[in-house]
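Dear colleague,

Please find the structure below, together with its sequence.

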Amino acid sequence: MEFSLCVVDDAKAARHLVESAFARESPVTAFETAEACLEQLGSGTLRPGVFLLDVDLPGCDGYRLCRRIKECPELQDVPVIFVSGLDDLESRLAGYDAGGVDFIVKPVNLVELRQKVDAARRVHDGRARFLRQIEESESLSALALSSLDEQALLIRFLRALSSCNEARG
C-alpha cells in the first residue's frame with residue numbers, strides 16, 4: 001500500500017505546486033474538478049494516502065467532495081486536508097463538519113503543508129503495519145487451530161489403540 005497524494009484544485013498553479021513539491025517522494029494525482037476525481041475513485045484505481053482539496057471548485061465543491069469520499073468504506077479513513085483561499089472560521093468549521101482533518105489557507109506555506117502530509121504519511125504507514133500484523137496474527141491463529149485439530153486426531157487414535165490393547169489383555 002504505497003502512500004500517494006490526491007490534489008483537487010481548479011487552479012493549475014496550485015496543482016503544479018503540490019506535484020513539484022511531493023513528486024520525488026510520493027506519487028501525486030491531480031484533478032481540476034471534483035467530478036474528475038470521483039470518476040477516478042469510482043473506477044477503483046485511485047486509493048491515495050491523503051486528499052488535498054480546494055473548497056471553491058466548479059460544480060461539486062470541496063466540502064461535497066469530502067462527504068462523498070467519506071461515504072466510501074475503503075476511503076473513510078483517508079485524511080482530507082482542505083487547502084483554500086477562504087480564511088474565515090465558518091469555512092474552516094464547514095471543512096471539519098464535512099470530514100476534513102485540517103484546513104490550510106492559501107497561499108500555501110510549503111513547510112507547513114509538508115509537515116501535515118508527513119503526519120498523514122506516518123498514520124498511513126502505521127495503519128499499513130497494523131493491518132499486516134492482523135494478517136500475520138490471523139495466519140498464526142489458523143495454523144494453531146489446524147495443529148489442535150491434528151493433535152485431537154492423534155489423541156483419539158491413541159485412546160482407540162489403548163482400548164484395543166486393554167480388550168486383548
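A polar contact is a pair of N or O atoms within 3.5 Å; within protein, one must be able to donate a hydrogen and the other to accept it, and residues adjacent in sequence count only if both atoms are side-chain atoms. By this criterion, the side chains of Ser26 and Arg121 are joined by a polar contact of 2.6 Å.

Two remarks on the source are needed before the details. This is a predicted model, in which local features need pLDDT of at least 70 and side-chain atom pairs count only at pLDDT 80 or more, while totals for chains, interfaces and linings use all residues. Residues are numbered from 1 along each chain as its sequence is written, and side-chain values use heavy atoms, with hydrogens and water left out.

Overall fold

The protein chain has 5 helices and 5 strands; helices (H or I, at least four residues) and strands (E, at least two) are DSSP runs, numbered from the N terminus. Their order from the N terminus is β-α-β-α-β-α-β-α-β-α. The radius of gyration, taken over C-alpha atoms, is 26 Å, well over the 15 Å that the globule rule gives for 169 residues, so the chain is more spread out than a compact globule. That rule is 2.2 Å times the number of residues to the power 0.38. Along the principal axes, the C-alpha atoms fill a box of roughly 95 × 30 × 30 Å.

Of the 169 residues, 33% count as buried, where buried means under 20% relative accessible area, exposed over 50%, and partly exposed in between (1.4 Å probe, protein chains only). A contact means heavy atoms within 4.5 Å. Among contacts between residues at least 6 apart in sequence, 57% join residues at least 24 apart.

Ser26 and Arg121

Ser26 is found in the loop between helix 1 (12–22) and strand 2 (28–31), whereas Arg121 belongs to helix 5. Ser26 counts as buried because its relative accessibility is 1%; Arg121 is also buried, with a relative accessible area of 17%. Not counting residues up to four places away in sequence, Ser26 touches Phe3, Ser4, Leu5 and Arg121. With its neighbours within four places left aside, Arg121 is in contact with Phe3, Glu25 and Ser26.

Leu53

Leu53 is part of strand 3 (residues 50–53) and is buried, with a relative accessible area of 0%. Leaving aside neighbours within four places in sequence, the contacts of Leu53 are Val8, Gly62, Leu65, Cys66, Ile69, Val80, Ile81, Phe82 and Val83.

Gly42

Gly42 lies in helix 2 (residues 34–43). At 66% relative accessibility, Gly42 counts as exposed. Between Gly42 and Ala119, which are 77 residues apart in sequence, the C-alpha to C-alpha distance is 26 Å.

A cis peptide bond

Most peptide bonds are trans. Lys106 and Pro107, however, are joined by a cis peptide bond, with omega about 0°. Pro107 lies in the loop between strand 5 (102–105) and helix 5 (110–168).

With kind regards
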